[in-house]
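I opened this notebook to keep track of what I looked up, one topic at a time. The structure comes first, and my entries follow.

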Amino acid sequence: MKLYTCGHCNNPLYFENNVCLNCHHAVGFDADTISLITLEPRDNNTFSNINKSKDLYRFCDNANHGTCNWLLPKESTATFCKACALNRIIPTLDTEQNIQRWSRIEIAKHRLVYSLLQLKLPVQPKEGDSIEGIAFDFMADTSPEEKVMTGHNDGTITINIDEADEAERVRHKLDLGERYRTLLGHFRHEIGHYYWDVLLKNDPENFRKIFGDEQIDYSQALETYYKIGAPSNWVDNYISPYATAHPWEDWAETWAHYLHMMDTVETAFSFGMDINPRKVKERDMKASINKDPYTVDKFDDIIKMWLPLTFALNSLSRSMGHADFYPFVISKPVIDKLRFIHDTCRTKRA
């Protein structure tokens with residue numbers, strides 16, 4: 001994620017800000033330029049760019065719910081921004097709990113879409129019953145017997161809004177023996193299935209060389225995984241135990257991890273971070289994070305920044321009494337898979 005500042009007073013801003021807390025100007029995100037714009041109010045809920053007065057905008061309709069700070073050009077006939085236009089079902093907003101959960105879901109989803117735009121991947125809403133495009137269904141359980149399953153089906157991504165409840169998510173994490181489980185991670189995993197269809201479905205040969213043959217029975221593979229679990233040596237070849245279930249899940253888990261890496265390294269780059277530990281002579285423990293990862297052609301240049309950065313972040317987390325920020329070990333086969341995803345995204349941009 002880039003570091004944004006107010007165009008009026010240069011105050012640092014978070015990606016989710018809709019107002020500068022220093023000078024109180026409205027701010028909004030322009031997906032076309034991937035920038036956070038400081039605004040001046042005009043007539044009829046219209047705003048102008050404080051530095052380019054001829055550029056006129058209005059906010060996405062979901063700003064009325066406090067769940068979106070993205071902008072539309074004034075002349076646009078659209079109602080929703082590029083991120084909110086992907087929504088097909090949102091939870092009923094008749095309880096404060098649902099409103100809060102939807103708000104957390106939208107924060108994660110907007111960060112996901114930001115990464116997809118940075119990668120220059122196609123981001124189009126699904127129309128009607130088309131199998132093309134993306135649709136998000138955010139749904140709640142209707143009864144203890146009728147559970148909403150988080151998952152992907154032909155571009156439709158369903159998220160159980162319970163995942164926006166921290167206590168519920170931690171419980172699921174412990175029940176499933178997962179090292180890492182976040183709301184944003186769910187989005188990144190499920191969208192990975194969609195982009196497998198978009199980027200690889202018609203030409204899977206190179207994918208199979210690295211991830212395995214996705215033609216093996218998916219349902220049977222998952223049934224076997226949930227029955228016996230991952231092999232004891234899974235860390236030698238996979239990013240997570242669940243990645244061992246089927247080549248599609250290996251891709252989605254690794255894809256999510258790739259998006260974690262790209263967004264975190266971009267944030268470190270934006271803050272000008274370097275890792276240069278005292279009393280450590282090994283070159284592998286040092287990193288000058290001097291490149292925006294979204295502009296880097298060679299994935300090895302990213303991994304050289306990533307490994308020292310995560311060791312430093314884990315050390316900081318332990319100093320605060322928290323679990324590791326990054327509870328993963330990346331083996332060479334996993335690096336090869338991450339490199340394949342990076343190269344695929346670079347060669348098949350929208």
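**Entry 1, the model.** I noted before anything else that this is a predicted model.

I looked up helix α1, which covers residues 96-118 and so has 23 residues by the count given for it. From its first C-alpha to its last, α1 reaches 33 Å, close to the 33 Å expected at 1.5 Å a residue.

I then traced an open sheet of 5 strands, whose order is β3-β4-β5-β6-β7 and whose pairing is antiparallel. Which strands stand at the edges? They are β3 (26-30) and β7 (71-73), and because each has a single partner strand, one side of each is left without a neighbour in the sheet. Neighbouring strands of this sheet are turned against each other by 50 degrees on average, with direction ignored. Looking at one pair in detail, I found that β3 and β4 (residues 35-41) run antiparallel and are joined by 5 bridges, and that Val-27 stands opposite Thr-38 in β4.

Leaving aside residues up to four places away in sequence, Ile-191 touches Leu-112, Leu-116, Ile-134, Phe-136, Ile-157, Trp-255 and Leu-259.

How many disulfides does the structure hold? I found 0 disulfides. For Cys-81, the nearest cysteine sulfur is that of Cys-68, at 3.6 Å, whereas a disulfide needs the two sulfur atoms within 2.5 Å. Cys-81 counts as buried, because its relative accessibility is 2%, and Cys-345 is buried with a relative accessible area of 1%.

I checked phi because most residues other than glycine have a negative value. Asn-45 has a phi near 60 degrees, a positive value in a residue other than glycine; Asn-45 lies in the loop between β4 and β5 (47-49) and is exposed, with a relative accessible area of 66%. Lys-120 also has a positive phi, near 60 degrees, and comes just after α1. Lys-120 lies in the loop between α1 and β9 (135-139). Is Lys-120 exposed, partly exposed or buried? At 44% relative accessibility, Lys-120 counts as partly exposed.

Note on methods: Residues numbered from 1 in each chain as written. Predicted model: local features only at pLDDT ≥ 70, side-chain atom pairs only at ≥ 80, totals over all residues. Heavy atoms only, no water. Helix = DSSP H or I, 4+ residues; strand = E, 2+ residues; numbered from the N terminus. Expected span 1.5 Å × (residues − 1). Pairing = 2+ DSSP bridges. Axes fitted to C-alpha atoms, helices over the stretch in contact; angles between N-to-C directions. Contact = heavy atoms within 4.5 Å. Buried < 20%, exposed > 50% of the residue type's maximum accessible area, 1.4 Å probe, protein only.
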